[in-house]
Amino acid sequence: MTAPTGTAPTAEKPITSALDHRFAPTLYAQVGQPQSWTLDAYRRGGGYQGVQRAFALGPDAVIEEVKKSGLRGRGGAGFATGLKWSFMPLNDGKPHYVICNADESEPGTFKDRYLMSEDPHQLIEGMLIGGYAMRASRGYIYIRGEYVLAAERLWAAIHEARAAGLLGKNILGSGFDFDIQVHRGAGAYICGEETALMNSLEGLRANPRLKPPFPAAAGLYGLPTTINNVETFCAATHILKYGAEWHAGMGTERSKGMKLFQISGPVARPGVYELPLGTPFRELIYDWAGGPTEPVKAIIPGGISCQLLKWSEAILDTPMDYESLAAAGSSLGTGGVTLIPESVSIVDTTWNAVRFYGHESCGKCTPCREGISGWMVKMYEKLVRGHGQPGDTDLILDMADNIGGRSFCALADACMGPVLSSIKLFREEYDAAERGEVRRTLAGRWREA
């Protein structure tokens, strides 16, 4: 195998603490730098060295390199990326596609927009590596419609790459042909689901498809397709540049590498922080984000679809990785950490989440269309407006039992995460709402029902 090119950011093994400063930013290394979105700036930072190494290794060896790195999908599911890439059929005589899910619409998640607007060539190189490994001829970036600047810079970067022979025919003399198109969505959360995204890309209504067949067998236009999100493709760029061992030497035994953690809510320095997987909540919240600005009662650990965690010393010391958060009763998700202050009603907060899912449901299946968009939204509105009655919370739990695990895609299950966990952890607030003792706290305004 060809040795990695470039100089890897220094990292002793294993990295367990973000404060050791034994790592250097990789995904966000160029963010905020002058003209970081241009090809010249990207190449000055060692850009497109990863794809050159990929061409030297060959497609199968690239997939093995990604497998050895331990990279797991950064879009929320955490599925092994190299294994996913290996599902694409070989020598089937069909065109293959790779798609980047850049629809970033999970509330509390705002990391990918900076990768695309500040360092678009990093994503292009990652997709080029993935396309080469999976014998794909075309890539599509399905970007959230509201990300106007990111879309413009992606297109400009694609034109630069084409002019430099980095996209198109016979890339860098490798004999490999690959090109990328950008497709702007219309702001629908459901398009974060991969089969709904493909339907939208084909010009159809964004409804999820029945699986199987899975996209690797029959995806976009019925042809083999693999979908990863922005951060995953960008991580692959550095794995090929610096080597699998470099990536596997960061994080934990089963959750390897760096991760972009976003933090919002009542903290002194909200934003995005690139840290090793396994960094405890305490370090992110206090040492990087400057600590809470008011008392906190709960944490959403990875975007609104994750189960809430009650604020405690034990939770603050919980490592932010896939296994530790699953053991704590939640999930890593997209790494979008949101703090919920004591001053906010948990019932009101959950109603806000339920309304979001009700609005974003595609309406294809009954559990979502009737259960969430209809009854669940109405039950929460009844509680927060002070019209609650004894038994309302039990009715919500009964409805949740008929919604979770019964919908066409995972949107309904995502909605049940905040619903069930908020009731489990803060039942006393629901009991108060049943008695009409409601604090309206949305937009920071208190109001007695």
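A residue counts as buried when its relative accessible area is under 20%. That cut-off is used in the legends below, which describe a predicted model.

**Close-up 1. A salt bridge joins R153 and E118.**
E118 has a relative accessible area of 17%, so it is buried. R153 is buried too, because its relative accessible area is 17%. The closest N and O atoms of R153 and E118 are 3.6 Å apart. R153 sits in helix α7, while E118 belongs to helix α5 (residues 112–118), so this pair ties together parts that lie 35 residues apart in sequence.

**Close-up 2. K68 and E245 meet in a salt bridge.**
Their side chains come to 3.9 Å, N to O. K68 is in helix α3 (residues 59–69) and E245 is in helix α10 (residues 244–248), so the contact ties together parts 177 residues apart in sequence. K68 counts as partly exposed, because its relative accessibility is 43%. E245 has 46% relative accessibility, so E245 counts as partly exposed. The pair belongs to a network: salt bridges link R53, E65, K68 and E245. Across the whole structure, a search finds 27 salt bridges.

D431 has a relative accessible area of 27%, so it is partly exposed. R427 is partly exposed as well, because its value is 28%.

**Close-up 3. T26 touches E274 through a polar contact.**
The contact runs from side chain to side chain, at 2.8 Å. T26 is found in the segment before helix α1 (39–44). Is T26 buried or exposed? T26 is buried, because its relative accessible area is 8%.

**Close-up 4. F79, L83 and F87 form a nonpolar surface patch.**
Together, these three residues have about 280 Å² of accessible area. L83 lies in helix α4 (residues 81–86). L83 has 36% relative accessibility, so it counts as partly exposed.

**Close-up 5. Strands β2 and β3 run parallel.**
How many bridges join β2 to β3? Six bridges join β2 (residues 138–143) to β3 (residues 179–184). For Y140, the bridge partner in β3 is Q181. From β2, the chain passes through helix α7 (residues 148–163) to reach β3. This β-α-β crossover is right-handed.

**Close-up 6. Five strands make an open sheet.**
Their order is β6-β5-β9-β7-β8, and the pairing is mixed. Which strands stand at the edges? They are β6 (271–276) and β8 (309–310). Each edge strand has a single partner strand, so one of its sides is left without a neighbour in the sheet.

**Close-up 7. Strand β8 pairs with β7.**
The two strands run antiparallel. Two bridges join β7 (residues 296–300) to β8. A298 has K310 as its bridge partner in β8.

Technical notes
Residues numbered from 1 in each chain as written. Predicted model: local features only at pLDDT ≥ 70, side-chain atom pairs only at ≥ 80, totals over all residues. Heavy atoms only, no water. Patch = residues over 30% accessible without salt bridge, like charges linked within 9 Å, V, L, I, M, F, W, Y side chains within 5 Å. Areas by Shrake-Rupley, 256 points an atom, 1.4 Å probe, with all protein chains shown as cover. Salt bridge = Lys/Arg side-chain N within 4 Å of Asp/Glu carboxyl O. Helix = DSSP H or I, 4+ residues; strand = E, 2+ residues; numbered from the N terminus. Buried < 20%, exposed > 50% of the residue type's maximum accessible area, 1.4 Å probe, protein only. Polar contact = N/O pair within 3.5 Å; in protein donor to acceptor, adjacent residues only side chain to side chain. Pairing = 2+ DSSP bridges. Right-handed = clockwise from strand over helix to strand, strands pointing away.
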